[in-house]
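Me: I have a structure to go through with you. Can we start with the strands and then look at some helices?

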Amino acid sequence: MAYSLEKARELVLKAGLELCETGLVARTWGNISARVSDTQYVITPSGRAYDTLTPEDIVLVNIADGSYEGDVKPSGEKGVHAAVYELCPEMNFVIHTHQNYASALSVLGREIALDGQEQTGECLLGNVLPCADYGMYATEELVNNIKAQITTHPESKAVLMKYHGALCFGKDYDEAFAVAYELEKVSKDIFAKLCEVDNADYVNHEGAEEIPSTSEGTFGIPSELRQQLASRDGIRSILLANTPYIVKMSNLGNTMEPYLDDAAQIAGVDVKCVESADDLLDALTERNAVLIKGIGALCTGFDESEVEAVAIVLEKACMAAYLAHCVGNVPPLGKESAKKDREGYVNHYSKLK
């Protein structure tokens with residue numbers, strides 16, 4: 001049953017805060033919607049932090065053509081949400097997340113058969129976890145790829161979006177969130193099996209070539225680097241990140257190709273790996289992150305909020321790259337797509353913050 005306009009807006013606001021609190025999204029990534037009738041739904045606006053929104057910011061959109069009234073621009077992913085409401089009349093709440101383990105699995109680009117034992121309680125995800133082919137943000141190609149998977153797997157309430165994230169939906173707010181949480185639990189289990197990871201120590205035991213343990217050495221960051229970045233790129237914040245998968249990928253000592261489009265957007269079209277502090281500035285040219293072999297990564301941003309977002313997204317990108325390393329023969333996003341994502345973010349989307 002569809003919601004009233006007032007209730008739908010209230011629940012979308014509530015959902016935005018829950019997504020951020022639980023780590024299913026970072027910053028303004030992802031989007032949320034609720035059906036209000038057979039012909040309309042409401043959705044979060046484009047490029048706005050969830051904790052700044054009011055009910056008036058939640059945009060009323062027409063399912064048929066994506067048209068809307070008012071000056072607030074709806075999420076560019078409105079077509080993806082409309083696809084669910086069009087093809088699944090019993091679904092009344094949709095969440096597009098960038099949750100870590102599901103996003104990492106998306107790089108495989110294939111449907112994943114689910115064992116009922118992997119799911120808790122009611123099998124919310126069905127027997128198959130579908131994956132839509134890659135399409136750039138806010139494109140008709142992406143919408144059509146989502147529609148193809150919903151049509152092929154009508155029993156599924158979650159669809160992975162290759163190189164991007166996940167789409168979760170339900171008959172109401174509670175079910176949509178239950179699907180998102182179940183998806184992350186199941187994705188974590190599948191990730192561990194594919195990587196042969198012991199969750200206690202994050203060690204890859206077999207399958208891929210062993211990644212060495214973290215170096216216990218130190219890495220001196222030049223004191224003048226901050227000033228150089230500030231004068232060159234307007235960078236005001238620097239953060240040294242050493243979360244588990246960032247460290248794992250730093251130990252490989254290689255340039256990391258992009259496996260997730262949000263990482264290409266906010267970190268760079270690739271992430272160099274350096275062994276010497278002398279190479280940091282060059283490695284950060286047109287990038288906001290650099291791996292430091294055996295240590296972790298140096299993340300940069302225009303302010304504290306942005307540099308924290310870079311670190312969060314980079315850890316997820318490293319999870320995806322680590323999965324690709326373990327499974328083998330998993331192609332990255334591709335330089336041309338990564339370049340377009342980066343340019344779109346730097347020149348447009350980041351300016352909405």
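Me: In what sense do β1 and strand β4 pair, and over how many bridges?
Reply: This is a predicted model. In it, β1 and β4 (residues 93-97) pair in the antiparallel sense. The pairing runs over 4 bridges.

Me: Which residue in β4 stands opposite I32?
Reply: That is I95.

Me: What about β1 and β2, how do they pair?
Reply: In the antiparallel sense again, over 3 bridges. Strand β2 covers residues 40-43. Y41 in β2 is the bridge partner of R35.

Me: Through how many residues does a hairpin join β1 to β2?
Reply: Through 4 residues.

Me: How many residues of β1 are buried?
Reply: 5 of its 5 residues, so the strand is mostly covered. β1 spans residues 31-35.

Me: Which way do they point from β1?
Reply: N31, S33 and R35 point one way. I32 and A34 point the other way. In a regular strand, side chains alternate between the two faces of the sheet.

Me: New topic, helices. At what angle do α5 and α10 pack?
Reply: At about 40°, with their axes 9 Å apart. Helix α5 is residues 173-195, and helix α10 is residues 304-327.

Me: Why are they called oblique to each other?
Reply: Angles under 35 degrees count as roughly parallel, and roughly perpendicular starts at 65. The angle here is about 40°. The two helices are therefore oblique.

Me: Which residues make the contact?
Reply: From α5, F191, L194 and C195. From α10, M319, Y322, L323, C326 and V327.

How values were computed
Residues are numbered from 1 along each chain as its sequence is written. This is a predicted model: local features need pLDDT of at least 70, side-chain atom pairs count only at pLDDT 80 or more; totals for chains, interfaces and linings use all residues. Side-chain values use heavy atoms; hydrogens and water are left out. Axes are lines fitted to C-alpha atoms, for helices over the stretch in contact, and angles run from 0 to 180 degrees between N-to-C directions. Angles under 35 degrees count as roughly parallel, over 145 as roughly antiparallel, 65 to 115 as roughly perpendicular and the rest as oblique. Contact means heavy atoms within 4.5 Å. Buried means under 20% relative accessible area, exposed over 50%, partly exposed in between (1.4 Å probe, protein chains only). Two strands pair if DSSP finds at least two bridges between them.
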